[in-house]
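Dear colleague,

I am passing on the structure below, together with some notes on what turned up when I went through its side chains. Please read the notes with the model open beside them.

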Amino acid sequence: MAPNETAQKLLLQGAQNAWDMLSEEQSQKHITTGSGDLNGILGGGIHCKEVTEIGGVPGIGKTQLGIQLAINVQIPVDYGGLGGKAIYIDTEGSFMVERVYQIAEGCISDIMEYFPCHHDKSSSGQENLQPESFLAGIYYFRICSYTEQIAVINYLEKFLGEHKDVRIVIIDSVTFHFRQDFDDLALRTRVLSGLSLKLMKLSKSYNLAVVLLNQVTTKFTEGSFQLTLALVTASRQHLRRGWMLARKISSPSRIADSDSWSHSCTNRLILYWKGNERCAYLDKSPSLPVASTPYAVTSKGVRDAGSSSCKRVRVM
């Protein structure tokens with residue numbers, strides 16, 4: 001058989017009909033964010049087989065949400081979770097083990113509250129519901145340059161092949177070293193787009209979620225301040241309600257969106273301040289409407305804004 005015919009045959013063998021795709025998607029479990037309201041605008045939580053970008057200003061809780069997801073992905077199947085493990089790629093040094101332990105304790109506390117009878121009957125569940133077990137389920141990579149980041153992402157396929165229980169990969173943050181050390185802007189965009197495409201392929205091949213945390217910066221364009229995700233250029237302008245730059249903007253700001261980077265993720269969630277309240281805005285999704293909701297960062301982790309059982313903490 002000719003090489004071209006072989007390639008065509010392999011391609012056809014990989015074909016999948018739309019009904020099977022829908023059934024597979026509906027049967028997928030989601031990774032809870034810890035906030036029911038936030039899960040609501042995300043269609044149940046963070047989706048496996050998809051890349052989700054989460055952007056926001058410093059102190060809004062991006063790392064807190066990343067850590068929360070790394071913990072929540074490990075919730076046992078018996079308690080409605082995925083029972084998987086996490087890869088956390090830290091480019092900024094913001095991963096604090098003490099905070100991870102605290103969020104793990106909060107997660108266990110919630111499980112005990114929602115499944116008291118089930119927990120008493122499950123001896124194996126009791127062994128797994130320990131903070132130490134949750135910390136052991138996070139594979140941590142500290143990245144100090146963009147070359148290390150490229151190398152680690154290229155190494156992920158081999159690592160995932162050896163650790164098939166990984167269900168989420170979190171990069172915090174995806175653009176940090178590229179903003180600091182990369183001078184060629186066009187090459188930088190191409191390299192990042194290539195890495196995001198590789199991550200998207202891995203998410204589908206290994207049935208896992210990829211979460212890219214990203215910074216938000218401000219630009220002064222057309223007479224007003226505009227919030228834009230890091231490395232995103234102002235090729236298109238979209239008006240977004242509810243976006244207010246504290247003490248500087250008195251009207252809804254504009255989000256700049258680049259054609260190249262806009263295709264690097266399946267979903268995009270923007271975190272922002274509305275007065276003293278943290279809010280999340282679903283800016284992009286192939287199947288969900290744009291929506292926003294408040295949320296809170298508490299001592300137990302990410303929770304609903306109206307939660308009264310947890311003490312709120314300020315994230316630096």
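A salt bridge is taken here to be a side-chain nitrogen of Lys or Arg within 4 Å of a carboxyl oxygen of Asp or Glu. Lysine 158 and glutamate 162 form such a salt bridge, at 2.8 Å from N to O, and both residues belong to helix α9 (residues 146-162), where they are four residues apart, about one turn of the helix. Glutamate 162 is partly exposed, its relative accessible area being 48%. Please keep in mind throughout that this is a predicted model.

Over the whole structure, the search finds six salt bridges. Another of these joins the side chains of arginine 268 and glutamate 53, again with 2.8 Å between N and O; here the pair links distant parts of the chain, since arginine 268 lies in strand β11 (residues 267-274) and glutamate 53 in strand β3 (residues 51-56), 215 residues apart. Both arginine 268 and glutamate 53 are buried. Arginine 303 and aspartate 110 also form a salt bridge, with their closest N and O atoms 2.8 Å apart, and because arginine 303 lies in strand β14 (residues 301-304) and aspartate 110 in helix α5 (residues 97-114), this pair ties together parts that are 193 residues apart in sequence. Arginine 303 is buried at a relative accessible area of 7%, and aspartate 110 is likewise buried, at 14%.

Turning to the aromatic residues, the structure holds seven aromatic pairs. In one of them, the ring centres of tyrosine 88 and phenylalanine 95 are 4.7 Å apart and the ring planes stand at 50 degrees, so the pair counts as tilted. Tyrosine 88 is buried, with a relative accessible area of 0%, and phenylalanine 95 counts as buried at 13%. The rings of tyrosine 146 and phenylalanine 178 are also tilted, because their planes are at 45 degrees, with the centres 5.8 Å apart. Tyrosine 146 lies in helix α9 and phenylalanine 178 in helix α10 (residues 176-181), so that pair ties together parts 32 residues apart in sequence. Tyrosine 146 is partly exposed at 25% relative accessibility, whereas phenylalanine 178 is buried at 0%.

Threonine 293, in strand β13 (residues 291-298), is buried with a relative accessible area of 9%, and, leaving aside its neighbours within four places in sequence, threonine 293 is in contact with Asp37, Leu38, Ile41, Arg278, Cys279 and Ala280.

Key. Residues are numbered from 1 along each chain as its sequence is written. This is a predicted model: local features need pLDDT of at least 70, side-chain atom pairs count only at pLDDT 80 or more; totals for chains, interfaces and linings use all residues. Side-chain values use heavy atoms; hydrogens and water are left out. Helices (H or I, at least four residues) and strands (E, at least two) are DSSP runs, numbered from the N terminus. Buried means under 20% relative accessible area, exposed over 50%, partly exposed in between (1.4 Å probe, protein chains only). Contact means heavy atoms within 4.5 Å. Rings of Phe, Tyr and Trp (its six-membered ring) pair if their centres lie within 6.5 Å; planes under 30 degrees apart count as stacked, over 60 as edge-to-face and the rest as tilted.
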